[in-house]
Amino acid sequence: MECRLSGLCNYFGVLSNDRFKESRHDFTANDTVVMIVNSLSLNSKEKFGHWVLWMKRGNKGWFFDSLGEDVEHYFGSSVIRSLQCSLLSRQNKRIQGFSSHCGLYCLCFALHMLTNDFNMQSFIDQFSGNLTRNDILVQQLFQSMYRSCL
């Protein structure tokens with residue numbers, strides 16, 4: 001999957017929350033950047049965190065959280081300002097059930113955005129209010145996308 005992302009954008013891989021906050025966000029205006037960020041800091045005593053995605057193209061930014069939380073919930077407003085996006089879009093609909101599939105949702109969202117003209121709503125519209133069904137669907141989407149990467 002990373003091979004597909006790397007060919008379509010500046011894919012920075014996965015970062016801990018503190019590394020994301022510390023990193024410089026001085027990309028050129030034409031860069032398309034994708035970062036998948038864990039909600040935990042690198043030195044957290046907790047074992048598991050939640051994966052979210054930040055994407056930027058020009059002066060537009062997208063924040064994706066499969067639980068539908070607001071971007072400030074994870075990063076605070078000062079980090080958001082440092083991203084230098086005049087327009088930041090996000091979805092506020094929870095689509096993930098009580099699973100550990102947040103990373104799959106992020107990867108599928110990134111690839112969908114990069115190959116579907118940055119249409120966030122068309123990705124969200126694939127999912128329903130049935131969170132268990134959504135978790136099955138994202139696994140199927142990931143398997144399909146992964147097979148096309150091999």
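How far is the sulfur of C108 from the closest cysteine sulfur? The distance is 9.5 Å, to C106, which is too far for a bond. The model is a predicted one, and a search of the whole structure finds zero disulfides. Its largest nonpolar core has 27 residues, and α4 gives the largest share of this core, ten residues.

**Cysteines**

- The whole structure holds zero disulfides.
- C102 takes part in no disulfide, and the nearest cysteine sulfur, that of C106, lies 6.5 Å away.
- A disulfide needs two cysteine sulfur atoms within 2.5 Å, so the 9.5 Å from the sulfur of C108 to that of C106 rules out a bond.
- C102 is buried, with a relative accessibility of 5%.
- C108 is also buried, at 0% relative accessibility.

**Helix α4**

- The helix covers residues 102-115.
- Its 14 residues should span 20 Å at 1.5 Å a residue, and the end C-alpha atoms are 20 Å apart, in agreement.
- Twelve of the 14 residues are buried, so α4 is largely enclosed by the rest of the structure.
- Among the buried residues are the cysteines C102, C106 and C108, the aromatic residues Y105 and F109, and H112.
- Others in the buried set include L104, L107, A110, L111, M113 and L114.
- L104 lies in α4 and, leaving aside neighbours within four places in sequence, is in contact with V138, Q139 and F142.

**Nonpolar cores**

- In soluble globular proteins, nonpolar side chains tend to be buried together.
- The largest share, ten residues, is that of α4.
- F127 touches K93, I95, Y105, N134, L137, V138 and L141, with residues up to four places away in sequence not counted.
- A second, separate core has eleven residues, including V33, M35, F63 and Y74.

**Aromatic pairs and a charge over a ring**

- A pair of aromatic rings is described by the distance of the centres and the angle of the planes.
- The structure holds seven aromatic pairs.
- In the pair of W62 and F118, the ring centres are 5.0 Å apart and the planes are at 25 degrees, so this pair is stacked.
- W62 belongs to strand β4 and F118 to the loop between α4 and α5, so the pair ties together parts 56 residues apart in sequence.
- Both W62 and F118 are buried.
- The ring centres of F63 and Y74 are 6.1 Å apart with planes at 45 degrees, so this pair is tilted.
- F63 lies in strand β4 and Y74 in helix α3 (residues 71-82), so the pair ties together parts eleven residues apart in sequence.
- F63 is buried, with a relative accessible area of 1%, and Y74 is buried at 10%.
- One aromatic cluster is formed by F64, Y105, F109, F123 and F127.
- The charged end of R94 sits over the ring of F98, 4.8 Å from the ring centre.

- Most residues other than glycine have a negative phi.
- D117, which is not a glycine, has a positive phi of about 55 degrees, and this residue comes just after α4.
- F118 also has a positive phi, near 55 degrees, and is a residue other than glycine.
- D117 is in the loop between α4 and α5, and F118 has its place in that loop too.
- D117 is exposed, with a relative accessible area of 67%, whereas F118 counts as buried at 14% relative accessibility.

**N38**

- N38 is placed in strand β2.
- With 10% relative accessibility, N38 counts as buried.
- N38 touches L15, S16, N17, G49, H50 and W51, not counting residues up to four places away in sequence.

Methods
Residues numbered from 1 in each chain as written. Predicted model: local features only at pLDDT ≥ 70, side-chain atom pairs only at ≥ 80, totals over all residues. Heavy atoms only, no water. Core = buried A, V, L, I, M, F, W, Y, C linked by side-chain atoms within 4.5 Å. Buried < 20%, exposed > 50% of the residue type's maximum accessible area, 1.4 Å probe, protein only. Helix = DSSP H or I, 4+ residues; strand = E, 2+ residues; numbered from the N terminus. Contact = heavy atoms within 4.5 Å. Expected span 1.5 Å × (residues − 1). Phe/Tyr/Trp six-rings, centres within 6.5 Å; stacked < 30°, edge-to-face > 60°. Lys NZ or Arg CZ within 6 Å of the ring centre and 35° of its normal.
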